[in-house]
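Biologist: I'm new to reading protein models. Could you walk me through one, feature by feature?

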Amino acid sequence: MEYKRGQPFNDNMLQPCPLLDNPDRLVEVVEKSGTHSIDLQNPENVRNLCDKCRETSERWKPTADKLWETRMCEKIHSEKQSEKVTD
């Protein structure tokens, strides 16, 4: 239920994944729900798992933000053009 409550994990739809794009959000969900690893031979703490993705997430964020902002600007511009045509 916490996973569902946490969605969307980011307003930028180019960063939807709670593990790869928003590792702190996955930690939050797992800790709130009390879930744990079901791998009995090699259980992994969620913080350790998320730390493995943090660097990649931080490198992707500036590009994703720029692309998303560009897309939103294009969408707004397109909507304004459509409004002019229908007026």
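Modeller: Let's go from the overall layout to a few single residues. Keep in mind that this is a predicted model, where local features need pLDDT of at least 70, side-chain atom pairs count only at pLDDT 80 or more, and totals for chains, interfaces and linings use all residues. Residues are numbered from 1 along each chain as its sequence is written, and side-chain values use heavy atoms, with hydrogens and water left out.

Biologist: How many helices and strands does the protein have?

Modeller: Helices (H or I, at least four residues) and strands (E, at least two) are DSSP runs, numbered from the N terminus. Here you get three helices and zero strands, so the pattern along the sequence is α-α-α.

Biologist: And how do I read the radius of gyration of the protein?

Modeller: That value is taken over C-alpha atoms, and the globule rule to hold it against is 2.2 Å times the number of residues to the power 0.38. For these 87 residues the rule gives 12 Å, but the protein comes out at 18 Å, well over that, so it is more spread out than a compact globule. The C-alpha trace spans about 65 × 30 × 15 Å along its principal axes.

Biologist: What share of the residues is buried?

Modeller: Buried means under 20% relative accessible area, exposed over 50%, and partly exposed in between, with a 1.4 Å probe and protein chains only. In this protein, 22% of the 87 residues are buried.

Biologist: Which residues does Asn10 contact, beyond its neighbours in sequence?

Modeller: Contact means heavy atoms within 4.5 Å. Leaving out neighbours within four places in sequence, Asn10 is in contact with Gln15, Asn22 and Arg25. Asn10 sits in the loop between α1 (2-5) and α2 (23-33), and it counts as buried because its relative accessibility is 19%.

Biologist: What joins the side chains of Asn22 and Asn10?

Modeller: A polar contact of 2.9 Å. The term means a pair of N or O atoms within 3.5 Å; within protein, one must be able to donate a hydrogen and the other to accept it, and residues adjacent in sequence count only if both atoms are side-chain atoms. The Asn10 side chain also makes a polar contact with the side chain of Gln15, at 3.5 Å.

Biologist: Where does Asn22 lie, and is Asn22 buried or exposed?

Modeller: Asn22 lies in the loop between α1 and α2, and at 9% relative accessibility Asn22 counts as buried. Not counting residues up to four places away in sequence, Asn22 touches Phe9, Asn10, Gln15, Pro16, Cys17 and Ser57.

Biologist: What kind of peptide bond joins Gln7 and Pro8?

Modeller: The angle to look at is omega. For Gln7 and Pro8 omega is about -10°, and the bond is cis. Pro8 lies in the loop between α1 and α2.

Biologist: Can we finish with a helix residue? Where is Ala64 found, and what does Ala64 contact?

Modeller: Ala64 is found in helix α3 (residues 46-86). At 0% relative accessibility, Ala64 counts as buried. Apart from neighbours within four places in sequence, Ala64 is in contact with Asn12, Leu14 and Gln15. As for distance, Ala64 and Asp21 are 43 residues apart along the chain, and their C-alpha atoms are separated by 9.8 Å.
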